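Here's a quick tour of a model, written for someone who likes the cut-offs spelled out. Have a look at it first.

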Protein chains: 2
Amino acid sequence: MKVLIPFKVTNPKSRLGKILTHRERKELAFNMLLDVVESVKKAGFVPKILSTQRTGLENEIVDSRGLNSAINDWIKSYTPLMIVMSDLAIIRPEDLRNISALESDVVISPGRKGGTNVLLVRNGNFRVSYHGLSFLKHVETARRMGISCSVYNSFYTYVDVDEESDLMEIMIHGKGRSRGFLEKCGFRVEIRGKEPVLVREKD
Amino acid sequence: MKVLIPFKVTNPKSRLGKILTHRERKELAFNMLLDVVESVKKAGFVPKILSTQRTGLENEIVDSRGLNSAINDWIKSYTPLMIVMSDLAIIRPEDLRNISALESDVVISPGRKGGTNVLLVRNGNFRVSYHGLSFLKHVETARRMGISCSVYNSFYTYVDVDEESDLMEIMIHGKGRSRGFLEKCGFRVEIRGKEPVLVREKD
């Protein structure tokens, strides 16, 4: 199965701007992408990076259009198709295998705030609509089309990386390059009182 | 199997103080507890509410000691024992059944920030240590004891309710009393730009 991984090159992860420089955010975004690519390969699937600009990575397709137009064009031509967000820093190969083992026309693995973190589409007439509660929109689209839809339940795919507090999840559950990169930046998790907090050692 | 649900009566969910009154926070905490109790019953298990004060609920045991002392005393006397946090407002009966189907000596379902949201203990010598990265501490305790330990992966059990943004998760994925209560309070999720936001209608 083909697995599309959309990747936005410019100004990635802007909400981390308070704790990471622009260059560090770019590096983190890149490391997360590579963690996702690695999980896709380990699951036995073929990753295709759908990038807004050329990055020089293997298996890259450059498409500067918006996310929805680009992905919907792929769905018209290639189903089954899996779409995996590039900031799922703690996703595991088992997640991708479990998703592909579900037999519904559409399988959705939701992210925080109603996002769609992984989507498997087996019906070429399905159309995506990312942004703003896309999880509920995608469930509703499948219902309206009268096709089957499953929710895949996993916190490894639910956790995406947008905010400072998400970095702690990488430090706790991550096993790949993203965690290594954050450690190299000097991040660690400390207990203050009863609460874990993310701290950064400056060298 | 007995399922302990620790419940703190005084000043619950203090971090929601900006958007909910003290009375509303108490009511939300109570509704979340009842959602958890309902899921435990639907899964076919016996809920025991381990409450810091008398509330008048069925199946209540009052214990004013700290969480760790109270639970460790239970583990000494009753294993297998499952411990489920009372603020897992979107937990489903399947989660509890899936956890009990795992055969390890210890099964942990982690929560955000390294918490332990559900814990199944089958070895009476295990001791809990909640607060501050308890997920990693519990994994390490099992390793040190040389007993088997599994991680149960679910976002329905990963989501606990501490902060304002967590209420949105109840509005999106909740099916029980907690969601009904928030709706009654006038909360709904709106899209502003591309982002979903939680808004409250005042009547």
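Which residues in H4(B) are buried? Ser134(B), Phe135(B), His138(B) and Ala142(B) are, where buried means 20 or more other C-beta atoms within 10 Å of the residue's own, exposed means 12 or fewer, and C-beta atoms are placed from the backbone.

## Ground rules

This is a predicted model: local features need pLDDT of at least 70, side-chain atom pairs count only at pLDDT 80 or more, and totals for chains, interfaces and linings use all residues. Residues are numbered from 1 along each chain as its sequence is written, while chains are lettered from A and ligands numbered from 1 in the order in which they are written.

## Helix H4 of chain B

Helices here are DSSP runs of H or I with at least four residues, strands are E runs of at least two, and both are numbered from the N terminus.

In H4(B), Ser134(B), Phe135(B), His138(B) and Ala142(B) are buried. They span an arc of only 110° around the axis, so they lie on the same side of H4(B); the arc is that of the directions from the helix axis to the C-beta atoms. Arg143(B) and Arg144(B), on the other side, are exposed. Just after the helix, Gly146(B) has a positive phi of about 70°.

## Where the chains meet

In all, 19 residues of chain A are in contact with 19 of chain B, contact meaning C-beta atoms, placed from the backbone, within 7 Å. On the chain A side, H5(A) gives the most, with 3 residues.

Key: Contact = placed C-beta atoms within 7 Å.
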